[in-house]
Amino acid sequence: SVNAGGSQPTKCLRSEQGKKAAGGGGKGGKAKQAVPDDGFSFIDAVDITKELSKNWEKEVQAPKWKDKKAKLEELLKLASAPKIKDVPMIHDITRILKKLLKDSNIIVRSFSIKCLEALAKGLRKDYKSDAAGVLENLLPWFKEKKMSVLGPLNACMDAFFQHCLSWSDLKEPIIQFSGDKVPQVRLNILNFCIRSIKSPHCNHADLKKHMFKPLVGACIKLTADKDKNVRASAMECIAYFIVVLGDRTMY
């Protein structure tokens, strides 16, 4: 079609559509991806610790799993507030949640992960150090095939990436667990990387600076993995690197 005031094509060539899909659109495909402002800065922060039951820290570590679950449900309800005030007790709560990630009961682990996700969404950058600190206990559960754990874990890691952690924070854990002996862990780490690269919250400059060599190197190695699903995800991850950063980056 033609606009008034001169011939201006309103449709893109297929090659140009590819650039826009990769976050390009401007000269050299360097345009930044637009992330909508959700008004978080204008929301009043709530101190959820004031609403927790008096002996919450002790009772959430009770011997019976049902008692732990009840206290985790209490926290999850409070942590669902749109914005949480960063107070010292938040760090104590996170240490307890990190410990409960090793609990023998799958329901306790699942609710602990859900609470971490809620805290990440409510605290955002204020939760950066806490989020980074729980990864060593969190990422091993990528071995879990049950969606009652894997679903919350994927959601939690996505929230960490969107609100708390950058590629530089995730570099070492990703490379470490991409070489895990359990195929399911390797697969889910790769799938997390793919989701993150595709995310509108992905900082492409940060991705290139901190992850290009180590992650692409790991992916190339994993294209020869014994597990066919790992091989497929490794190739898909490399493909998205090319889409986002351009094929010249690979040389």
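Predicted model: local features only at pLDDT ≥ 70, side-chain atom pairs only at ≥ 80, totals over all residues.
# Labels and cut-offs in this model

User: How many helices and strands make up the secondary structure of the protein chain?

Analyst: The chain has 11 helices and 0 strands, and read from the N terminus the order is α-α-α-α-α-α-α-α-α-α-α.

Residues are numbered from 1 along each chain as its sequence is written, and side-chain values use heavy atoms, with hydrogens and water left out.

User: What percentage of the protein chain counts as buried?

Analyst: Of its 251 residues, 45% do. Buried is under 20% relative accessible area, exposed is over 50%, and partly exposed is in between (1.4 Å probe, protein chains only).

User: What share of the contacts comes from residues 24 or more positions apart?

Analyst: Among contacts in the chain with a separation of 6 or more, that share is 71%. A contact here is heavy atoms within 4.5 Å.

User: Which handedness does the crossing of H10 and H11 have?

Analyst: It's left-handed. For that label the near helix is turned anticlockwise from the far one by less than a right angle; clockwise would be right-handed. The H10 side of the contact includes Leu 207, Met 211, Phe 212 and Leu 215, and the H11 side includes Val 230, Ala 234, Ile 238 and Phe 241.

User: What makes up that H10 and H11 contact by class?

Analyst: There are 15 nonpolar, 1 polar and 2 charged residues. Nonpolar covers Ala, Val, Leu, Ile, Met, Phe, Trp, Tyr, Cys and Pro; charged is Asp, Glu, Lys and Arg; the others, Gly among them, are polar.

User: How do you know the orientation of H5 and H7?

Analyst: The axes of H5 (residues 106-123) and H7 (residues 147-164) cross at roughly 20 degrees and come within 9 Å. H5 and H7 are therefore roughly parallel, and their crossing is left-handed. Residues in the contact include Ile 113, Leu 116 and Ala 120 of H5, along with Leu 153, Cys 156 and Phe 160 of H7. By class, that contact comes to 12 nonpolar, 3 polar and 3 charged residues.

User: And why do H4 and H6 get their orientation label?

Analyst: H4 (residues 88-100) and H6 (residues 128-138) have axes that cross at roughly 10 degrees and come within 10 Å, so these two are roughly parallel. From H4, Ile 90, His 91, Thr 94 and Lys 98 meet Asp 130, Gly 133, Val 134, Glu 136 and Asn 137 from H6. That contact has 2 nonpolar, 4 polar and 3 charged residues.

User: Is Leu 101 buried or exposed?

Analyst: With 0% relative accessibility, Leu 101 counts as buried. Leu 101 lies in the loop between H4 and H5. Setting aside neighbours within four places in sequence, Leu 101 contacts residues including Ile 113, Leu 116, Val 134 and Trp 141. Asn 137 is also on that list: Leu 101 and Asn 137 are 36 residues apart in sequence, but 6.4 Å apart C-alpha to C-alpha.

User: Asp 103 is charged. Is Asp 103 buried or exposed?

Analyst: Buried, since its relative accessible area is 11%. Asp 103 is in the loop between H4 and H5 and touches Lys 68, Val 108 and Arg 109, not counting residues up to four places away. A polar atom of its side chain lies 2.8 Å from the backbone nitrogen of Asn 105.

User: What makes the link between Arg 186 and Asp 225 a polar contact?

Analyst: The two side chains come to 2.9 Å. The label needs an N or O pair within 3.5 Å; within protein, one atom must be able to donate a hydrogen and the other to accept it, and residues adjacent in sequence count only if both atoms are side-chain atoms. Arg 186 sits in H9 (residues 183-198) and is buried at 10% relative accessibility.

Key:
Helix = DSSP H or I, 4+ residues; strand = E, 2+ residues; numbered from the N terminus. Axes fitted to C-alpha atoms, helices over the stretch in contact; angles between N-to-C directions. Parallel < 35°, antiparallel > 145°, perpendicular 65-115°, else oblique.
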